[in-house]
Amino acid sequence: MSAIFNFQSLLTVILLLICTCTYIQSLTPSVLDRNKTGLFGIFWKCARIGEQKSPYVAVCCIVMAFSILFIQ
């Protein structure tokens with residue numbers, strides 16, 4: 001089943017996107033900072049969410065990992 005139609009898979013993909021963009025932003029900030037608008041602006045926004053809401057993102061990642069490992 002596609003990740004678009006399965007809600008838990010969609011949340012997993014979004015969390016992975018946020019974490020990946022935040023990691024790329026920490027390594028090379030210039031890559032995402034020059035693309036703040038347009039289609040690639042989504043990655044810049046995900047990096048900002050990961051930086052500013054990092055405790056909430058971390059809790060969501062832990063809950064998602066627990067649900068994938070033990071509930072499914």
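How much accessible surface does the chain have, and what share of it belongs to carbon and sulfur atoms? In this predicted model, the accessible surface comes to about 5400 Å², and 73% of that area belongs to carbon and sulfur atoms.

**Overall architecture**

The chain contains four helices and zero strands, which follow one another along the sequence in the pattern α-α-α-α. Further values for the chain are collected below.

| Property of the chain | Value |
|---|---|
| Span of the C-alpha trace along the principal axes | about 40 × 25 × 15 Å |
| Share of the 72 residues that count as buried | 21% |
| Share of contacts with a separation of 6 or more that join residues 24 or more positions apart | 57% |

**Helix α1**

Helix α1 covers residues 7-27. At 1.5 Å a residue, its 21 residues should span 30 Å, and the end C-alpha atoms lie 31 Å apart, so the two values agree.

The buried residues of this helix are T12, L15, I18, C21, T22 and Q25. The elements that cover them include α2 (29-33), α3 (41-52) and α4 (54-71).

**A nonpolar patch on the surface**

The residues F7, L10, L11 and I14 form a nonpolar patch on the surface, with about 350 Å² of accessible area together. Among them, L11 has its place in helix α1. Is L11 buried, partly exposed or exposed? L11 has a relative accessible area of 34%, and therefore counts as partly exposed, since that class lies between the limits of 20% and 50%. An α-helix has 3.6 residues a turn, so residues three or four places apart point the same way.

Technical notes:
Residues are numbered from 1 along each chain as its sequence is written. This is a predicted model: local features need pLDDT of at least 70, side-chain atom pairs count only at pLDDT 80 or more; totals for chains, interfaces and linings use all residues. Side-chain values use heavy atoms; hydrogens and water are left out. Patches are made of residues with over 30% relative accessible area and no salt bridge: like charges are joined within 9 Å, nonpolar side chains (Val, Leu, Ile, Met, Phe, Trp, Tyr) within 5 Å. Accessible areas come from the Shrake-Rupley method with a 1.4 Å probe; for residues, only the protein chains shown count as cover. A salt bridge is a side-chain nitrogen of Lys or Arg within 4 Å of a carboxyl oxygen of Asp or Glu. Helices (H or I, at least four residues) and strands (E, at least two) are DSSP runs, numbered from the N terminus. Buried means under 20% relative accessible area, exposed over 50%, partly exposed in between (1.4 Å probe, protein chains only). Contact means heavy atoms within 4.5 Å. The expected span of a helix is 1.5 Å times one less than its number of residues.
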